[in-house]
Amino acid sequence: MLRRFRAIGPGALTAAAFIGPGTVTTATLAGAGYGYALAWTLVFATVAAIILQETAARLGVVSRLGLGEAVMRRFEDSPSIKWAAAALIVSALFIGNAAYEGGNIAGAVLGVEAAAPGLASRATIAGALASLAGAILLLGGYRLIEKVLIGAVLVMTLAFAAALFMIGPDWGALFKGAAIPSIPAGAFPIVLGLIGTTIVPYNLFLHAAAARKRWQGAEGLAEARFDARLSIGMGGVVSILVLSTAAASLFGSGLEITNAGDMARQLEPAFGAGATYLLALGLFAAGLSSAITAPLAT
């Protein structure tokens, strides 16, 4: 079992990728607007993500292929379809991840601003964070990047869990919301957002390539599956922690919340600066980790 824990890596990359500012913001809006009612959506999305990402990991470990390579081989006999698929994949990853990257850096900036208002201009903070992410990608080896992102996932988990316990959720309502599917009036776009920010297409490319690099054949399949299930499951727990924190502190308050940075700032009067700093730390870690994984996947 200890050996399996030591093998954790590709799944943690994927978890760090999907727990970005988009996920944190959507979960915040879900909790602030609908309480615990949409927790089931994150349970469903997490299970679906585990299944899909485990499939991508198997592709890399057993077939020794990245997802893009597998698509190319599938259409080897149809050159026109093959190159059309290649163009679609490249453009989708490049354009899509450029948009993701902008949101990732902006989210990390919100975390810094929530913890240290007036520290520097947004442009300065964004430039510094982009430079940091770029340096980690360009100067760090694969193993270093893995360790950084595993650390980021642990920081997010601890920060959001500590904030939730500091606030004190309604555990009965949380378990009910996680177990009984319901869609309150007007909540359907948020449901789609929660699913869409958990099941992220570029993560399939990232996971297959990372698993191929980590394990050299079918003998590593058991470790790859353990890694995927544990890491993606932990990512889902982080999302549920964020939703629950927003539900416990903001649902029914009448406060206008547009992102997780707003939630962090609103907590201080009622729960002290500690809660604000914890949420700000979690948001910063979410933004920085995803700012590393989006270009890595591309």
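Student: Is Lys82 buried or exposed?

Tutor: Lys82 counts as buried, because its relative accessibility is 13%. Buried means under 20% relative accessible area, exposed means over 50%, and partly exposed is in between, with a 1.4 Å probe and protein chains only. This is a predicted model, in which local features need pLDDT of at least 70, side-chain atom pairs count only at pLDDT 80 or more, and totals for chains, interfaces and linings use all residues. Residues are numbered from 1 along each chain as its sequence is written, and side-chain values use heavy atoms, with hydrogens and water left out.

Student: Where does Lys82 sit, then?

Tutor: In helix α6, which covers residues 79-115. Helices here are DSSP runs of H or I with at least four residues, strands are E runs of at least two, and both are numbered from the N terminus.

Student: And which residues is Lys82 in contact with?

Tutor: Met72, Phe75 and Glu76, once neighbours within four places in sequence are set aside. Contact means heavy atoms within 4.5 Å.

Student: Zooming out, how many helices and strands does the protein have?

Tutor: There are 14 helices and zero strands.

Student: What about overall dimensions?

Tutor: The C-alpha trace spans about 60 × 45 × 45 Å along its principal axes. The radius of gyration is 19 Å, which agrees with the value near 19 Å for a compact globule of 298 residues. That radius is taken over C-alpha atoms, and the globule rule is 2.2 Å times the number of residues to the power 0.38.

Student: How many of the residues count as buried?

Tutor: 50% of the 298. As for contacts with a separation of 6 or more, 85% are between residues 24 or more positions apart.

Student: Which residues touch the most other members of the largest nonpolar core?

Tutor: Val24, Leu38, Met156, Phe160, Leu194, Tyr202 and Leu243, in a core of 69 residues. Helix α14 (residues 273-297) gives the largest share of this core, 10 residues. Apart from that core lies another one of six residues, including Ala7, Ala57, Ala211 and Ala224. A nonpolar core is a set of buried Ala, Val, Leu, Ile, Met, Phe, Trp, Tyr and Cys residues joined through side-chain atoms within 4.5 Å.

Student: What does Leu194 touch?

Tutor: Beyond residues up to four places away in sequence, Leu194 touches Thr26, Ala27, Ala30, Leu38, Thr41, Leu42 and Ala45.

Student: Take Ala30. Which helix is it in, and what does it touch?

Tutor: Ala30 is in helix α3, residues 21-34. Ala30 is buried, with 0% relative accessible area. Not counting residues up to four places away, Ala30 touches Gly35, Leu38, Ile190, Leu194 and Leu243.

Student: How about Ala208, buried or exposed?

Tutor: Ala208 counts as buried, at 0% relative accessibility. Ala208 lies in helix α11, residues 201-214.

Student: Now the surface. Which residues form a nonpolar patch there?

Tutor: Val43, Val47 and Ile51, with about 240 Å² of accessible area together. Patch residues have over 30% relative accessible area and no salt bridge; like charges are joined within 9 Å, and nonpolar side chains (Val, Leu, Ile, Met, Phe, Trp, Tyr) within 5 Å. A salt bridge is a side-chain nitrogen of Lys or Arg within 4 Å of a carboxyl oxygen of Asp or Glu. Areas come from the Shrake-Rupley method with a 1.4 Å probe, and for residues only the protein chains shown count as cover.

Student: Where is Ile51?

Tutor: In helix α4, residues 39-63. Ile51 is exposed, with a relative accessible area of 53%.
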